[in-house]
Structures are given as structure tokens and as C-alpha cells.
Amino acid sequence: MTLDAGLRATPVDSPRFEVDPGPEFLEDRLVLELKYHARVPALFRRLVEEFALVPDPASKYSLGMAPTGCTGRL
């Protein structure tokens with residue numbers, strides 16, 4: 001289980017550390033990833049029910065590249 005906030009993206013043309021992390025995307029939202037093999041663990045089911053979570057498959061990479069105008073292909 002991971003919970004991501006303050007996600008940022010910037011296009012680069014080679015591997016390196018960037019001083020400017022780029023604009024934040026999905027502002028005011030969190031990304032909760034629940035990873036499991038076959039059956040949803042009871043704890044995850046309870047979280048989904050208690051907080052009325054709605055599954056929404058997404059790619060953080062694609063969501064981050066969209067605002068930069070980058071297609072993700074070189």
C-alpha cells in the first residue's frame with residue numbers, strides 16, 4: 001500500500017537530477033495504490049468500504065506527462 005501526494009513531473013532528455021521538479025499534478029488529490037496478488041486483503045476491503053473509495057485505474061507517469069505536453073516518447 002502506498003499513498004502519494006504532491007506529485008510533480010518534468011520532461012527530461014537524459015537521466016539526471018533536476019533542480020526544478022516541475023509543476024504539481026493532481027493538486028489537492030492523493031493517489032492510493034493497493035497492491036495484492038489474488039484476493040483483496042481484508043484490511044484493504046475495510047479501507048475501501050470505510051472511506052467509500054472508488055477504484056480508478058491510472059498511470060502516474062501518463063498523468064504527470066500530460067500537463068508538460070510530453071507524450072512520453074522520444
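Is D28 buried or exposed? I looked this up before anything else. D28 is exposed, with a relative accessible area of 82%; exposed means over 50%, buried under 20%, and partly exposed in between, with a 1.4 Å probe and protein chains only.

Entry on sources. I am working with a predicted model, in which local features need pLDDT of at least 70, side-chain atom pairs count only at pLDDT 80 or more, and totals for chains, interfaces and linings use all residues. Residues are numbered from 1 along each chain as its sequence is written, and side-chain values use heavy atoms, with hydrogens and water left out.

Entry on the fold. I find two helices and two strands in the protein chain, in the order β-β-α-α from the N terminus. Both are DSSP runs numbered from the N terminus: helices are H or I with at least four residues, strands are E with at least two. The radius of gyration is 15 Å, well over the 11 Å from the globule rule for 74 residues, so the chain is more spread out than a compact globule. That radius is taken over C-alpha atoms, and the rule is 2.2 Å times the number of residues to the power 0.38. Along its principal axes the C-alpha trace spans about 45 × 25 × 20 Å.

Entry on the loops. I place D28 in the loop between β1 (2-4) and β2 (31-33). P57 sits in the loop between α1 (42-50) and α2 (60-65). P57 is also exposed, at a relative accessible area of 78%. From P57 to P67 I read 19 Å, C-alpha to C-alpha, for 10 residues in sequence.

Entry on the interior. Buried residues make up 12% of the 74 in the protein chain. The largest nonpolar core has five residues: L7, A9, F25, V31 and M65. Such a core is a set of buried Ala, Val, Leu, Ile, Met, Phe, Trp, Tyr and Cys residues joined through side-chain atoms within 4.5 Å. In soluble globular proteins, nonpolar side chains tend to be buried together. I then listed the contacts (heavy atoms within 4.5 Å) of A9. Leaving aside neighbours within four places in sequence, A9 touches P21, G22, P23, F25, G64, M65 and T68.

Entry on contact range. Of the contacts in the protein chain with a separation of 6 or more, I find that 57% join residues 24 or more positions apart.
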